Amino acid sequence: MKPYYQDEQATIYNADSVEALAELRESFDLVVADPPYTTGIASFGEDTKASGWGDIMNSAHFNAAWLRECRRLLEAKQGAAWVFNSWRSLPVLARTSYEIGWAIKSVLVWDKEWIGPGGHQGLRPSYELAALFVHAGFAIADRGLPDIWRSKWSSVKPYGHPAEKPVALVGRMIRESGARRVLDPFCGSGTTLEAAKQEGATAVGIEIEERWCEVAARRLQQGILLTANNMLTVSGGREKTDA
Ligand SMILES: C[S@@+](CC[C@H](N)C(=O)[O-])C[C@H]1O[C@@H](n2cnc3c(N)ncnc32)[C@H](O)[C@@H]1O
């Protein structure tokens, strides 16, 4: 499999993660996965984000396909996987966990220190979740670490990805997990790759859309051009490897 981008610390594959993961043979000690949020709670109603039981099952099959591969790639180093989700998609992840027989060990509450729009009836959302899956030999070193972490979310997305996660949050996941070799099967704008770099770890990212590979690649390079609005200029030269 030919990398889209490669430097000393990061490799990006422009590919479907289910297919690409099956080809990987190296081992990792941490997966940070931020899959497309598939929604599950309620099969009816006005809320267009809600979907039906069939969708939960289809999404769980998709998750099972990539998470099973991640589990395999983490086995040699007895590593762990953080999987971002929300209260809407947690049921899908729970179904995935059951399908592959890999239990969720913990669920991290990411307090975004920000409140989103809440519609005209409910509460205003201020958190997301990340489920932790572990191999038997894995343990968070800090045995006093709680399951609610604060990390400021910003509506300004410097790299333009609608689901960009804070580098500080992902960096903390890497640090608290003691990881040196990280895999992100849905790397988007490259947050995990940048966080790994800052933590002195190496990382592999997989992203199906070439435009996000381009953003991530440029982000990893020195001298990224940010505009006056602190937004990445996406057009322009691209660094690809021929490896
Ligand atoms: C929630 S976003 C990840 C955002 C990322 N954490 C960041 O900070 O920029 C999910 C990403 O997965 C990508 N994606 C969706 N399906 C995929 C697949 N089958 N294989 C690889 N990437 C996929 C999407 O294009 C999207 O960029």
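Which residue in β9 does I12 stand opposite? Select I12 and look across to β9: the residue facing I12 is G205. Before going further, note that this is a predicted model, in which local features need pLDDT of at least 70, side-chain atom pairs count only at pLDDT 80 or more, and totals for chains, interfaces and linings use all residues. Residues are numbered from 1 along each chain as its sequence is written, and side-chain values use heavy atoms, with hydrogens and water left out.

**The whole chain**

Display the protein chain as a cartoon. It contains six helices and nine strands; these are DSSP runs numbered from the N terminus, helices being H or I with at least four residues and strands E with at least two. Of the 243 residues, 47% are buried, meaning under 20% relative accessible area with a 1.4 Å probe and protein chains only.

Next, select the strands. The nine form an open, mixed sheet in the order β1-β2-β9-β8-β3-β4-β6-β5-β7. β1 and β7 (148-150) stand at the edges with a single partner strand each, so one side of each has no neighbour in the sheet. Two strands pair if DSSP finds at least two bridges between them.

Move to β2 (residues 10-14), which is largely enclosed by the rest of the structure because four of its five residues are buried. On one side, β2 is joined by two bridges to β1 (residues 5-6), and these two strands run antiparallel. They form a hairpin with three residues between them, and Q6 stands opposite T11 of β2. Five bridges join β2 to β9 (residues 202-207), in this case parallel.

Further along the sheet, select β3 (residues 30-33) and β4 (residues 80-85), which pair in the parallel sense over four bridges. A33 stands opposite V83 in β4.

Return to the segment before β1, where Y4 is found. Y4 is buried, with a relative accessible area of 5%. Draw a C-alpha to C-alpha distance from Y4 to I206: the two are 9.4 Å apart in space and 202 residues apart in sequence.

Now select helix α6 (residues 210-220), which is mostly covered, with nine of its eleven residues buried. Among the buried residues are W212, C213 and L220. The buried residues of α6 pack against β1, β2, α4 (167-176), α5 (191-198) and β9, where contact means heavy atoms within 4.5 Å.

**The ligand**

Finally, centre on the ligand. Which residues are closest to the ligand? Of the 21 that surround it, the closest are D34, H161, S189, T191 and E207; a residue is near a molecule if one of its heavy atoms lies within 4 Å of it. The shell divides into ten nonpolar, five polar and six charged residues.

- S17: a polar backbone atom is 2.8 Å from a nitrogen atom of the ligand.
- S189: a polar side-chain atom lies 2.7 Å from an oxygen atom of the ligand.
- I208: a backbone N or O atom lies 3.2 Å from a nitrogen atom of the ligand.

On its own the ligand has 600 Å² of accessible area, and the protein covers 90% of it.

Notes
A polar contact is a pair of N or O atoms within 3.5 Å; within protein, one must be able to donate a hydrogen and the other to accept it, and residues adjacent in sequence count only if both atoms are side-chain atoms. Accessible areas come from the Shrake-Rupley method with a 1.4 Å probe; for residues, only the protein chains shown count as cover. Ala, Val, Leu, Ile, Met, Phe, Trp, Tyr, Cys and Pro count as nonpolar, Asp, Glu, Lys and Arg as charged, and the others, Gly among them, as polar. Buried means under 20% relative accessible area, exposed over 50%, partly exposed in between (1.4 Å probe, protein chains only).
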